[in-house]
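Please find below a colleague's note on the structure shown here.

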Amino acid sequence: MNLTVVLGALELGGIFAIMSLGLYISYKILNLPDLTVDGSFTLGCAVSAMFTIHSLPYLGLIMSFIAGALAGMITGLLITKIKIMPLLSGILTMTALYSINLRIMGDSPNISLFECTSIFTFFEIFGTYHKCIVIFLLILFICIFLHYFLRTQLGLALRACGDNEDMVRASSIDTDKMKILGLALANGFVAMGGAVFAQHQTYSDISSGTGMMVIGLASIIVGMTFIRKDKIIFQLIAVVVGAVFYRGVLTIALQLGLPSGDLKLLSALLVVIAIALTTLKRRKKKC
């Protein structure tokens with residue numbers, strides 16, 4: 001593999017890490033299976049693309065986060081107020097987002113951002129590594145934010161809601177608000193990942209978010225198979241490491257001649273293997 005291939009794997013792994021850090025909030029902190037992810041990732045792509053076309057790429061990142069947070073709030077409201085099952089709530093929001101995303105993109109299934117100013121343009125002075133620098137600076141910012149936020153009183157309440165909802169409710173904490181907040185944050189970061197992806201790839205496609213749920217789960221499970229620590233900072237690092245490792249495996253597979261159509265199958269196998277290894281380790285500890 002040459003330097004270009006390695007950097008490409010690091011860049012995409014970093015983008016997946018941003019998305020996976022969002023999924024970490026819903027999957028690990030709240031213990032909720034949120035299928036909104038595929039839709040909110042594409043939402044981030046669509047919103048970012050429209051702002052990038054108008055030479056506002058940084059504002060596109062912020063607005064993508066806000067749009068994703070709103071999508072997460074809708075899923076949260078379906079779960080908490082209408083009492084729809086989490087899986088079904090995510091599916092309903094994801095389905096609705098398809099039409100919304102298409103409308104945002106002007107009823108066009110894809111938008112080209114070629115030669116548009118992006119968040120990477122200013123950093124081109126750093127040469128070949130400029131995209132990696134931007135992506136990993138964003139990851140660093142998100143990790144620092146989550147590390148400190150999840151240690152605040154509000155963050156601790158959010159974590160407790162995922163661990164023991166009945167106990168939190170008995171402590172007079174509104175668990176419904178915690179779920180809505182958590183899902184809003186989760187999908188906000190997922191959409192931000194989509195925003196970076198669109199500007200990195202110089203296009204936005206209506207199907208960009210397909211399979212992102214599996215990629216996010218693979219990143220979290222694989223990362224936490226390697227780094228088994230309970231502290232938040234180590235878990236965040238595990239998610240980032242898992243995302244980069246996941247993308248690295250796919251890149252190596254492609255370099256070895258694996259057809260691109262088989263990547264989804266390989267993704268599913270990675271998740272199965274990671275879960276199997278975790279289960280085996282637990283059984284050994286019990287023995």
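**Notes on salt bridges, pockets and selected residues**

1. Asp166 and Arg169 are joined by a salt bridge, with N and O 3.2 Å apart. A salt bridge here is a side-chain nitrogen of Lys or Arg within 4 Å of a carboxyl oxygen of Asp or Glu. Both residues belong to helix α7, where they stand three residues apart, about one turn of the helix. Helices (H or I, at least four residues) and strands (E, at least two) are DSSP runs, numbered from the N terminus. Asp166 is exposed, at 55% relative accessible area, whereas Arg169 is partly exposed, at 42%. For these classes, buried means under 20% relative accessible area, exposed over 50%, and partly exposed in between (1.4 Å probe, protein chains only).

2. On provenance, this is a predicted model, in which local features need pLDDT of at least 70 and side-chain atom pairs count only at pLDDT 80 or more, while totals for chains, interfaces and linings use all residues. Residues are numbered from 1 along each chain as its sequence is written, and side-chain values use heavy atoms, with hydrogens and water left out.

3. A second salt bridge to consider is that of Lys179 with Glu165, whose closest N and O atoms are 3.2 Å apart. Lys179 is in helix α8 and Glu165 in helix α7 (residues 165-170), so this pair ties together parts that are 14 residues apart in sequence. Lys179 counts as buried at 13% relative accessibility, and Glu165 is partly exposed at 25%. Through salt bridges that share partners, Glu165, Asp166, Arg169 and Lys179 form one network.

4. How many salt bridges does a search of the whole structure find? The search finds five. One of them pairs Arg103 with Asp107, with the closest N and O atoms 3.9 Å apart. Both Arg103 and Asp107 are exposed.

5. The largest pocket holds about 600 Å³ of space. Among its 21 lining residues, Lys28, Met224, Asp230, Gln235 and Arg282 are the closest to its centre. Two or more lining residues come from each of α1 (3-29), α6 (153-163), α9 (212-226), α10 (232-255) and α11 (263-286). The lining comprises eight nonpolar, six polar and seven charged residues. In this division Ala, Val, Leu, Ile, Met, Phe, Trp, Tyr, Cys and Pro count as nonpolar, Asp, Glu, Lys and Arg as charged, and the others, Gly among them, as polar. A pocket is an open set of points on a 1 Å grid over the protein atoms alone, where a 1.4 Å probe fits, with protein on both sides within 12 Å along at least five of seven lines; lining residues have an atom within 4 Å of a point. Grid points are joined across faces, edges and corners, and a volume is the space filled by probe spheres set on the points.

6. The second largest pocket holds about 380 Å³. It also has 21 lining residues, of which Phe16, Thr210, Met212, Ile215 and Lys264 are the closest to the centre. The elements giving two or more residues to this lining are α1, α8 (175-201), β2 (203-205), α9, α10 and α11. Its residues divide into 10 nonpolar, eight polar and three charged.

7. Apart from neighbours within four places in sequence, Ser20 is in contact (heavy atoms within 4.5 Å) with Ile215, Gly216, Ser219, Ile220, Val239 and Ala243.

8. In α6, the buried residues are Gly155, Ala157, Leu158, Ala160, Cys161 and Gly162. They pack against α1, α5 (130-149), α7 and α8. Cys161 has a relative accessibility of 4%.

9. No disulfide (a pair of cysteine sulfur atoms within 2.5 Å) is found in a search of the whole structure. For Cys116, the closest cysteine sulfur, in Cys45, is 15 Å away, too far for a bond. Cys116 is partly exposed, at 25% relative accessible area.

10. Most residues other than glycine have a negative phi. Ser55, in the loop between α2 (37-53) and α3 (57-80), has a positive phi of about 60°. Ser172, in the loop between α7 and α8, likewise has a positive phi, near 65°. Ser172 is exposed, at 70% relative accessibility.
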